[in-house]
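Here is a short briefing to read alongside the model on your screen. Could you keep the viewer open and follow the topics one by one?

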Amino acid sequence: MKKIAISAALAVAIATPAIAAIVKVDNTKSAVSITFKQMNVPVDAKFKKFSASIDYDAAKPEASKATVDIDVASFDLGDAEYNKEVLKKEWFNAAAFPKASFVSTSMKAGAAGKLDVTGKLSIKGKTVDVSFPLSIKKEGNNQVFDGSLPIKRLTFNIGEGEWKDTGMVADEVQIKFHVVTNP
């Protein structure tokens with residue numbers, strides 16, 4: 001089922017920088033989505049609600065910080081029945097774990113002008129260390145941060161019981177994020 005992939009999306013959303021100050025995320029232009037495979041067919045879904053706090057200094061990326069909180073109940077597979085199903089205990093257990101979060105622990109200049117971001121991703125009560133590259137570009141007065149983070153859904157107990165079998169829904173999930181910030 002498509003519901004599984006949601007957890008991955010949240011981790012990525014957090015890495016949204018500014019210029020030596022906390023920046024404002026433009027939620028109308030930003031997105032956190034996931035891609036996973038169901039019966040070997042790619043499925044895309046998104047989180048409709050998330051918040052991010054980003055303190056980024058291009059001159060000192062190592063001093064930068066980011067926190068992202070994702071409203072798990074905002075997961076959208078494009079079908080009301082699937083959306084309801086993914087919130088159940090076997091998947092995201094949104095009643096017990098309404099938020100997923102990412103908190104950066106370090107940022108540093110990486111290859112090809114990207115940032116290497118490391119932090120803690122928490123989904124469904126489990127926290128793991130993650131790392132991912134983040135690209136940053138300027139569009140007018142805005143900064144745009146793009147990246148993706150591969151995760152394994154079963155690491156976070158997303159898909160319990162019969163859904164642990166990866167024959168129907170693959171374990172691999174790609175969280176993708178596009179974050180636009182305003183000065």
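How many bridges join S2 to strand S3 (residues 41–47)? There are 7 bridges between S2 and S3, and the two strands run antiparallel. This is a predicted model, in which local features need pLDDT of at least 70 and side-chain atom pairs count only at pLDDT 80 or more, while totals for chains, interfaces and linings use all residues. Residues are numbered from 1 along each chain as its sequence is written, and side-chain values use heavy atoms, with hydrogens and water left out.

**Overall layout**

- The chain contains 2 helices and 11 strands; these are DSSP runs numbered from the N terminus, with helices being H or I of at least four residues and strands being E of at least two.
- Read from the N terminus, the elements follow the order α-β-β-β-β-β-β-α-β-β-β-β-β.
- Of the 183 residues, 47% count as buried; buried means under 20% relative accessible area, exposed means over 50%, and partly exposed lies in between (1.4 Å probe, protein chains only).
- Among contacts with a separation of 6 or more, 67% come from residues 24 or more positions apart; a contact here means heavy atoms within 4.5 Å.

**Strand S2 and its partners**

- Two strands pair if DSSP finds at least two bridges between them.
- S2 (residues 31–38) is joined to S11 by 7 bridges, and these strands run antiparallel.
- On the S11 side, valine 32 stands opposite phenylalanine 177.
- On the S3 side, isoleucine 34 has alanine 45 as its bridge partner.
- S2 and S3 make a hairpin with 2 residues between them, and methionine 39 in the turn has a positive phi of about 55°.

**The nonpolar core**

- In soluble globular proteins, nonpolar side chains tend to be buried together.
- The largest nonpolar core holds 43 residues, of which Ile34, Phe75, Leu121 and Ile151 touch the most other members.
- S11 supplies the largest share of this core, with 5 residues.
- A nonpolar core is a set of buried Ala, Val, Leu, Ile, Met, Phe, Trp, Tyr and Cys residues joined through side-chain atoms within 4.5 Å.

**Aromatic rings**

- The whole structure has 6 aromatic pairs.
- The rings of tryptophan 91 and tryptophan 163 have centres 5.2 Å apart and planes at 45°, so this pair is tilted.
- The two tryptophans are 72 residues apart and link distant parts of the chain: tryptophan 91 lies in the loop between H2 and strand S7 (99–109), and tryptophan 163 in the loop between S10 and S11.
- Rings of Phe, Tyr and Trp (its six-membered ring) pair if their centres lie within 6.5 Å; planes under 30 degrees apart count as stacked, over 60 as edge-to-face and the rest as tilted.
- Tryptophan 91 is buried at 0% relative accessible area, and tryptophan 163 is buried at 14%.
- Phe47, Phe75 and Phe92 form one aromatic cluster.

**Salt bridges**

- The structure has 6 salt bridges, each a side-chain nitrogen of Lys or Arg within 4 Å of a carboxyl oxygen of Asp or Glu.
- Lysine 88 and glutamate 85 meet at 3.0 Å, N to O; lysine 88 is partly exposed at 38%, and glutamate 85 is partly exposed at 21%.
- Lysine 120 pairs with aspartate 129, their closest N and O atoms being 2.6 Å apart; lysine 120 is partly exposed at 37%, whereas aspartate 129 is exposed at 56%.
- Glutamate 172 and lysine 152 form a salt bridge at 2.9 Å, N to O.
- That pair links distant parts of the chain, 20 residues apart, with glutamate 172 in strand S11 (residues 169–182) and lysine 152 in strand S10 (residues 142–152).

**Two buried residues to look up**

- Asparagine 83 sits in helix H2 (residues 80–86) and is buried, with a relative accessible area of 17%.
- The side chain of asparagine 83 makes a polar contact with the side chain of aspartate 76 at 3.1 Å; such a contact is a pair of N or O atoms within 3.5 Å, where within protein one must be able to donate a hydrogen and the other to accept it, and residues adjacent in sequence count only if both atoms are side-chain atoms.
- Valine 72 lies in the loop between strand S5 (65–71) and strand S6 (75–76), and is buried at 3%.
- The C-alpha atoms of valine 72 and alanine 95 are separated by 9.5 Å, with the two residues 23 apart along the chain.
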